[in-house]
Each structure stands twice: as C-alpha cells, then as structure tokens.
Amino acid sequence: MSLQNCTPNGAPRKPLDGIRVLDFSHALAGPYCTLLLADYGAEIYKLEARSGDMGRGWGPPFAEGEAHFFLGLNRGKQGISLDLKQAEAIDLCLRLVDAVDVVIENFRPGAMDRLGLGYEALHQRNPRLIYCSISGYGQQEPSRDEAAMDLVVQASSGLLSITGSEQGEPARCGYGVTDVTAGLFSVIGILLALRARESTGRGQFVDVSMLDSMISTMSSNYMGYLGSGAVPKPMGTAFPSVVPYQVFPTADSAVAIAVGSEKLWSAFCGVIG
C-alpha cells in the first residue's frame, strides 16, 4: 500500500510526516509497528538499553555481525543507546518525551513504571503524548506477568490447535504471526489516538495484547465453534466451509485451488474440462 501527496513545491509528503516516535521496543512486535510508521513518514528514535535489542542476535544470516532480522526491521530509524539504570539516561528520556508525539514499549508490564517512564508520569509531563504498550496478555489481565514469545501465544490463542496436518500434528506458523499481528494492531491504535488528538488535544494510552490481537484475527474460527459446537481441528490446507479450497498433488508439483462460489466453480469446471 502506498499513500502520499505533495507539498506546494511538488515534493512528496507522507501521511505521518512531522510525527515523532520514541521507540523503546525490541524483538519483533514493537519494531514492526515502528517500521510501518517510519515507512509512512514518522521520525523514529529507536532507543536501545545497554544490552541492545535481542533481535540483533537472531541469525543467521548476519551482515558484519548484525542479524538480517534486525536490520530489516529497523531500517529508516535513528538509533540511541542509553543505560536506563543511570539517572542521566532517564533524564534524557524525559526531555525527549517533551518533543515527541508517541512513545512505544514492549517491556514486561510495570517495567516502565519502575523506571519512572510509565504512562501516568509521561502523560502528566506531556498531555498530548500517545503511549503504546505491547505485551503478551495486556496490562491489567490476570496473566499480565507471564512471559509471551510468539510460539507461546500461538499455542495459548488456539492457533496451534488448528494449524497443521489432518493427522493432528501441530505446526507453527512460518513467521512470527502473533508479534506481527500485535504490531499491526499497535499501528491501528496509534493512528486512532492521533486522530482523536486532533479534536481533543490530548493523547491516550494504547494497550495492545498479543493474545487479544490473535483472538480478533481468529474470529471466524471462534464463530464457527459458537455456531456449531464443533471444536476446530487441523485440516492441512483444506477449509471447513469452502470446497475445493486446498492444495492438491499432481504428477509434477502441488497445485493450490481456491474456489469460493458456485459461479467460480462453474468457471473452474469449464477451464479444466
């Protein structure tokens, strides 16, 4: 998707030009969110603590010691390295907060509060600030303190129970789907808060849960269960309510066939004879 218009002198302008983001996030969910914000014009100041973003080591492949995983997620951002255990670093963060529109973080719930960088403290300092927190299970939920890596949330959300072979062997989705989904919902929440700020003049707190994000994207599966009472099971590449809609073996390679309506079925039958 590409969105841009032009300034009066003809230079391209992106939708988020002028929006500044202080990014405390690491790994995948938060960096993916700020990657998208950067693509649409926001200035991203990526702050890494003394140990650095764990994603720097998620390889191979590496380029001069840096994982391609990290490099791909963090292009278009400006890097800042601070030891958040030092008072001078916290003071610098507070001064940066005065000049930005958005703060995003994905530490364990409560960690930013202990540093003096939680939402309440920063909102008092900058009432227009939009503060986005990404976590596994939300800031106020019973499981808020549980660790949540992508594979764990694929399991806890139920995704692993419907992804895999018909024989029941579970299969992890081939990319960090729960992180990426949470990153997308974070972008949505930040944009909604920016839109609301235009009329209210005040920022908001955006609380994004990886689990909640997956429940939302799996709504058709949950509605299928509520409507039928049948617990969804792995079906390989097949689909429970549309046929044919799966991968079929042929003499030389597998072929994916997706026929979503009676009209398409008639056309498909005509094509294959």
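Phe205 counts as partly exposed, at 31% relative accessibility (buried is under 20% relative accessible area, exposed over 50% and partly exposed in between, with a 1.4 Å probe and protein chains only). The model is predicted: local features need pLDDT of at least 70, side-chain atom pairs count only at pLDDT 80 or more, and totals for chains, interfaces and linings use all residues. Residues are numbered from 1 along each chain as its sequence is written, and side-chain values use heavy atoms, with hydrogens and water left out.

**Aromatic pairs**

- The structure holds six aromatic pairs; rings of Phe, Tyr and Trp (its six-membered ring) pair if their centres lie within 6.5 Å, and planes under 30 degrees apart count as stacked, over 60 as edge-to-face and the rest as tilted.
- Tyr119 and Phe205 form a tilted pair, with 5.2 Å centre to centre and 40 degrees between the planes.
- Because Tyr119 lies in helix α5 and Phe205 in strand β10 (residues 205-209), this pair ties together parts that are 86 residues apart in sequence; helices (H or I, at least four residues) and strands (E, at least two) are DSSP runs, numbered from the N terminus.
- Tyr119 is buried, with a relative accessible area of 16%.
- Phe239 and Tyr245 also form a tilted pair, since their ring centres are 5.2 Å apart and their planes stand at 40 degrees.
- Phe239 is partly exposed at 37% relative accessibility, and Tyr245 is partly exposed at 38%.
- Tyr119, Tyr131 and Phe205 are linked into a cluster by ring pairs.

**Helix α3**

- The buried residues of helix α3 (residues 87-97) are Ala89, Ile90, Cys93, Leu94 and Val97.
- These residues lie on the same side of α3, because they cover an arc of only 140 degrees around the axis; the arc is that of the directions from the helix axis to the C-beta atoms.
- An α-helix has 3.6 residues a turn, so residues three or four places apart point the same way.
- The cover over the buried residues of α3 includes β3 (20-23), β4 (43-48), β8 (102-105) and α5 (119-125), where contact means heavy atoms within 4.5 Å.

**Backbone geometry**

- Most residues other than glycine have a negative phi, and most peptide bonds are trans.
- Cis peptide bonds join Gly59 to Pro60, with omega about 10 degrees, and Pro60 to Pro61, with omega about 5 degrees.
- Ala27, in the loop between β3 and α1 (29-39), has a positive phi near 70 degrees and is buried at 12% relative accessible area.
- Glu64, in the loop between β5 and β6 (66-67), has a positive phi of about 55 degrees and is exposed at 86% relative accessible area.
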